[in-house]
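Have the viewer open as you read.

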Amino acid sequence: MAGQHPEQDPGRDTRLWHPFAQMSVTRSAEFVVERGKDVWIWDTDGNRYLDATASLWYSNIGHGRPEIREAVTAQMAKLEAYSVFNDIANPPALELASRLADLAPDASPRILLGSGGGDGIDTAAKLVRRYWHECGKPERSHLITRRHGYHGTHGFGTSLAGIPANRIDLGPLIEQVSIVDFESVDALGAEIESLGAENVAAFFCEPVIGAGGVYPPPDGYMEGIAEVCRETGVLLVIDAVICGFGRLGTWFGVERWPGVDPDMIVFAKGVTSGYLPLGGVVVSERVAAPFWENVASAPFRHGATYAGHPASCAAALANLDILENEGLIARGMEMERPLFDALAPLTENPLVSEVRGGTGLMAAVALEPRLLELLPDAPMRLCHAARRNGVLVRPLGAGVATSPPLTVQSEHLELLAESLSTALGELRSDADTAGYEPSAQEPEVNG
Ligand code: PMP
């Protein structure tokens with residue numbers, strides 16, 4: 001049984017500025033994780049927790065695998081780091097690019113490597129605009145994204161954010177970006193028509209929206225948007241940062257919808273299971289062609305210092321071995337129903353408005369809107385209560401998300417459901433104090 005979440009300790013004052021955190025609170029109330037093994041992590045007081053979020057959606061193989069440590073150590077003993085700018089390469093970067101190209105759905109893609117997901121999104125956004133420029137259609141520069149979509153916090157990713165809170169108070173963002181409804185093929189078609197297809201560069205799409213709330217695509221949505229993109233010539237950029245490397249039960253997530261052929265796939269997270277930072281973009285042969293075939297084309301003047309970092313690539317290669325040899329990729333699909341079924345009964349709780357999931361090993365428990373009005377920090381309170389009950393889940397705008405490692409077993413899912421149920425009971429006391437009255441309506445189960 002886990003210990004108490006550290007209460008605010010005014011005597012402590014961290015120097016670490018935490019991403020997305022309300023630092024006026026967090027400055028004296030950090031939760032310090034010390035070690036991990038498979039689906040478990042331990043805090044500095046020795047308390048054990050189920051990591052039901054795979055850290056930030058990435059620990060696909062689970063924590064603490066010695067094979068990755070050994071591969072990275074061996075690589076570091078040979079060459080710890082070297083850039084791949086211009087004509088320079090290193091063996092792990094070459095091997096990783098070739099292996100990812102073989103695994104990707106496109107027949108003969110090229111691979112750009114970088115440091116993470118947001119980095120990959122900015123690479124893809126710049127590349128779609130450069131591509132159209134090379135094709136003699138520079139006016140094709142408009143980018144389209146979906147409501148609730150999350151594409152990282154770099155410049156383009158922030159501009160493509162479908163979560164309003166992530167784009168406000170930052171001054172002017174990148175121009176020529178539209179946000180369309182997240183589950184309507186017609187909305188995409190109508191936006192392209194109103195802008196004029198000849199002005200639209202690309203549509204950015206997470207197959208299952210992750211950080212924006214875990215929204216699986218409605219039936220026919222992925223096929224529909226792919227068809228609209230094909231008919232209008234708009235490039236389809238799949239953001240597989242969460243959905244890739246087994247989370248949806250396939251290598252890049254998008255293979256779940258046969259006939260959906262992306263022009264680019266952005267990946268990160270599960271490619272190394274987070275053991276070292278790495279991300280990148282799978283670029284289809286067609287989009288790469290102007291740069292690879294045409295001597296008159298200027299180079300794509302883009303790339304991060306740590307692109308092709310040999311130690312990160314070695315971690316990725318060892319991670320791909322584990323995913324492949326232990327049959328973990330398929331588990332994203334095998335375990336999606338058990339996860340959803342474990343959580344679905346929570347809809348009987350009067351604080352819960354909806355449980356979403358069922359496509360891939362990820363789910364969300366959404367809280368009642370009226371509760372969120374009374375207690376806007378209810379998702380965070382629920383996470384803290386779950387943590388007091390030995391399980392880590394992640395706060396979303398309107399609920400909590402779970403995305404356990406692919407190694408998760410049924411008994412872990414039972415523990416997750418039990419802890420969330422107890423945590424909801426604790427949240428109920430806060431809700432009652434705040435004057436919350438449950439609604440008479442039936443909650444939705446949406447899987
Ligand atoms: N795209 C998606 C779908 C993501 O979930 C994330 C991160 N959660 C990103 C992009 C950004 O990745 P990173 O944090 O590595 O920059």
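The second largest pocket holds about 1200 Å³ of space. A pocket here is worked out on a 1 Å grid over the protein atoms alone: it is an open set of points with protein on both sides within 12 Å along at least five of seven lines, whereas a set where a 1.4 Å probe fits but cannot get out is a cavity. Grid points are joined across faces, edges and corners, and the volume is the space filled by probe spheres set on the points. Rolling a probe the size of a water molecule over the atoms shows where empty space is left.

What lines the second largest pocket? Its lining has 43 residues, and the closest to the centre are Val84, Asn86, Ile111, Leu112 and Trp292; a lining residue has an atom within 4 Å of a point. At least two lining residues each come from α4 (91–103), β4 (110–114), α5 (117–134), β10 (279–283) and α9 (285–293). Helix α4 gives the largest share, with 6 residues. The element names follow DSSP runs numbered from the N terminus, with helices being H or I of at least four residues and strands being E of at least two. Sorted by class, the lining is 24 nonpolar, 14 polar and 5 charged residues. Nonpolar covers Ala, Val, Leu, Ile, Met, Phe, Trp, Tyr, Cys and Pro, charged covers Asp, Glu, Lys and Arg, and the others, Gly among them, are polar.

Before going further, a word on the ground rules. This is a predicted model, with residues numbered from 1 along each chain as its sequence is written. Local features need pLDDT of at least 70 and side-chain atom pairs count only at pLDDT 80 or more, while totals for chains, interfaces and linings use all residues; side-chain values use heavy atoms, with hydrogens and water left out.

Arg110 lies over its face, 4.0 Å from the ring centre. The cut-off is NZ of Lys or CZ of Arg within 6 Å of the ring centre and within 35 degrees of the ring normal. The charged end of Arg356 does likewise over the ring of Tyr215, 4.1 Å from its centre.

Tyr131 and Trp132 count as edge-to-face because their ring centres are 5.0 Å apart and their planes sit at 70°. Rings of Phe, Tyr and Trp (its six-membered ring) pair if their centres lie within 6.5 Å; planes under 30 degrees apart are stacked, over 60 edge-to-face, and the rest tilted. Tyr131 is buried at 5% relative accessible area, and Trp132 is buried at 5% too. Buried means under 20%, exposed over 50%, and partly exposed in between (1.4 Å probe, protein chains only). Elsewhere, ring pairs join Phe245, Trp251, Phe252 and Phe267 into a cluster.

How many disulfides does a search of the whole structure find? The count is 0, where a disulfide would be two cysteine sulfur atoms within 2.5 Å. The sulfur of Cys229 has its closest cysteine sulfur in Cys205, 8.3 Å away, so that is too far for a bond. For Cys243 the closest cysteine sulfur is again in Cys205, at 8.8 Å, and that is also too far for a bond. Cys229 is buried at 4% relative accessible area, as is Cys243 at 1%.

Now for some backbone angles. Asp169 has phi near 60°, a positive value in a residue other than glycine. Asp169 belongs to the loop between α6 (155–159) and β6 (177–180) and is exposed at 73% relative accessibility. Lys269, also not a glycine, has a positive phi of about 35° and sits in the loop between β9 (264–267) and β10.

His63, in the loop between α2 (54–57) and α3 (66–78), is 344 residues from Thr407 in sequence and 10.0 Å from it in space. His63 is buried, at 17% relative accessibility. Asn47, in the loop between β2 (40–43) and β3 (48–51), lies 245 residues and 53 Å from Trp292.
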